[in-house]
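Reader: Got a model open here and a few quick questions. Can you walk me through some helix packing and a few residues?

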Amino acid sequence: MDPRSEVLLRQAGLFTGDLLLAGLPADDLLAELPRAWGWSWHAGEHQHLLARFGERCSFDVQAPPAAFDSAVLFLPKSRELTDYLLQALASRLAGKPLYLVGEKRAGIERAARQLAAFGKPRKLDSARHCQLWRVDVLDAPDTPVLNDLARHFTLELSDGPLQVTSLPGVFSHGRLDLGSALLLEHLDGLPAGPLLDFGCGAGVIGAALKRRYPASPVILLDVDAFALASSRLTLAANRLEAQSIAADSIHAAPVGLAAIVSNPPFHQGVHTDYQASETLLRHAREHLATNGELRLVANSFLRYPPLIERHLGHCQTLASGQGFSIYRAAIRQ
């Protein structure tokens, strides 16, 4: 059981009515709280919950429409996302309690101050290196319009300006990160055929690929519902079309790909996590066509070349700069 869930269950007597658990972990909490509903924006956790609890789980950037008597937000990493989620929940909870739970090292005490916009917050419990806070919503805000919180910026690329839209919580929200900037300079010479942007974020790489290779189908894959929503907005802003897949690993990608292009994630919450990136390197070959290739950008300190050599073959370093490297490996017969 996740320690945040354990803290909630220490106060289970508070949750007697219909309860919404927002951003919940994939553990046994829904089994322990039979009147609870789970709302997730993490595709991997949602799949685990869906397999066990079926219709009691939803995956979306919007809260489920059903009425509830209280809600718990599991603190996300992004302060902007926390603000949106608290506003969205509080707008549905006039006169009702809203709870916030999170790890101390994730900044729960700082985040709890955001509850003051709705009433007087108070700490209910502290255990398992986590805290549980409550506010009774006296000042319910208007329901936030997610797209109104988007940040828009323009990238001046060699083939013209690219419009980018990012939503709260998305990696590098409102700006182009250094790794993706370097990768955008090294997208030439990809083989013809389906192209996958793995870990698409706001859709910068996927949109650039579709514009540069219009005859090639482009697939965007990400674990995060807010990232996928952002990528769709970015594609629409540039009048481009691509398929999107919500998944937490390369296993959900189609086979026969001409190329996998990625700025792969290696952080999740406050914990360093290389699992998705390492799974990509171990299994990319299974999804690539003969003569297909993997091209990715990564922090130079990460020991990816040996993994690439082991699972795909010769690893070529196309470029390095500002702490990042572009790696390329091609599948040969």
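Author: Start with handedness. H9 and H10 cross in a right-handed way. Keep in mind that this is a predicted model.

Reader: Which residues of H9 and H10 make that contact?

Author: On the H9 side, Ser-277, Glu-278, Leu-281, Arg-282 and Arg-285. On the H10 side, Tyr-304, Leu-307, Ile-308 and His-311.

Reader: How do the residues of that contact divide into nonpolar, polar and charged?

Author: Four are nonpolar, two are polar and three are charged.

Reader: What angle do H9 and H10 pack at, and how far apart are their axes?

Author: The angle is about 25 degrees and the axes are 8 Å apart. H9 spans residues 275-287, and H10 spans 304-311. Angles under 35 degrees count as roughly parallel, so H9 is roughly parallel to H10.

Reader: New topic, Arg-295. Where is Arg-295 found?

Author: In strand E16, residues 288-299.

Reader: Buried or exposed?

Author: Arg-295 counts as buried, because its relative accessibility is 4% and the cut-off for buried is under 20%.

Reader: What lies 2.9 Å from a polar atom of the Arg-295 side chain?

Author: The backbone oxygen of His-186. His-186 is also among the residues that Arg-295 touches, sequence neighbours up to four places away not counted. The others there include Leu-187, Asp-188, Gly-189 and Leu-190.

Reader: Now Asn-263. Which loop is Asn-263 found in?

Author: The loop between strand E13 (257-262) and strand E14 (267-268). Asn-263 counts as buried, at 15% relative accessibility.

Reader: Which side chain makes a polar contact with the side chain of Asn-263?

Author: That of Asp-177, at 3.0 Å. The side chain of Ser-180 is joined to that of Asn-263 by a polar contact of 3.0 Å too.

Reader: And what is Asn-263 in contact with, leaving aside neighbours within four places?

Author: Asp-177 and Ser-180 again, along with Phe-171, Gly-179, Leu-183, Phe-198, Gly-199 and Val-297.

Reader: Switching to helices. How many residues of H7 are buried?

Author: Seven of nine, so H7 (residues 204-212) is mostly covered. The buried ones are Val-204, Ile-205, Gly-206, Ala-207, Ala-208, Leu-209 and Lys-210.

Reader: What about H3? Which of its residues are buried?

Author: Ala-43, Gly-44, His-46, Leu-49 and Phe-53, in a helix that runs over residues 43-53.

Reader: What covers the buried residues of H3?

Author: The cover includes H2, strand E2 (36-40), strand E3 (57-59) and strand E12 (243-246). After H3 comes Gly-54, with a positive phi near 50 degrees.

Reader: You mentioned H2. Where is Leu-29 found, then?

Author: In H2 itself, residues 29-32. Leu-29 counts as buried, with 0% relative accessibility.

Reader: What does Leu-29 touch, not counting residues up to four places away?

Author: Met-1, Ser-5, Leu-8, Leu-9, Leu-21 and Phe-74.

Reader: How far is Leu-29 from Leu-220, C-alpha atoms?

Author: They are separated by 31 Å, and by 191 residues along the chain.

Reader: Last one. Where is the place of Arg-110?

Author: Helix H5, residues 108-112. Arg-110 is partly exposed, with a relative accessible area of 26%. Arg-110 and Arg-79 are 9.6 Å apart, C-alpha to C-alpha, and 31 residues apart in sequence.

Notes. Residues numbered from 1 in each chain as written. Predicted model: local features only at pLDDT ≥ 70, side-chain atom pairs only at ≥ 80, totals over all residues. Heavy atoms only, no water. Axes fitted to C-alpha atoms, helices over the stretch in contact; angles between N-to-C directions. Helix = DSSP H or I, 4+ residues; strand = E, 2+ residues; numbered from the N terminus. Parallel < 35°, antiparallel > 145°, perpendicular 65-115°, else oblique. Left-handed = near helix turned anticlockwise from the far one by under 90°. Contact = heavy atoms within 4.5 Å. Nonpolar A, V, L, I, M, F, W, Y, C, P; charged D, E, K, R; others polar. Buried < 20%, exposed > 50% of the residue type's maximum accessible area, 1.4 Å probe, protein only. Polar contact = N/O pair within 3.5 Å; in protein donor to acceptor, adjacent residues only side chain to side chain.
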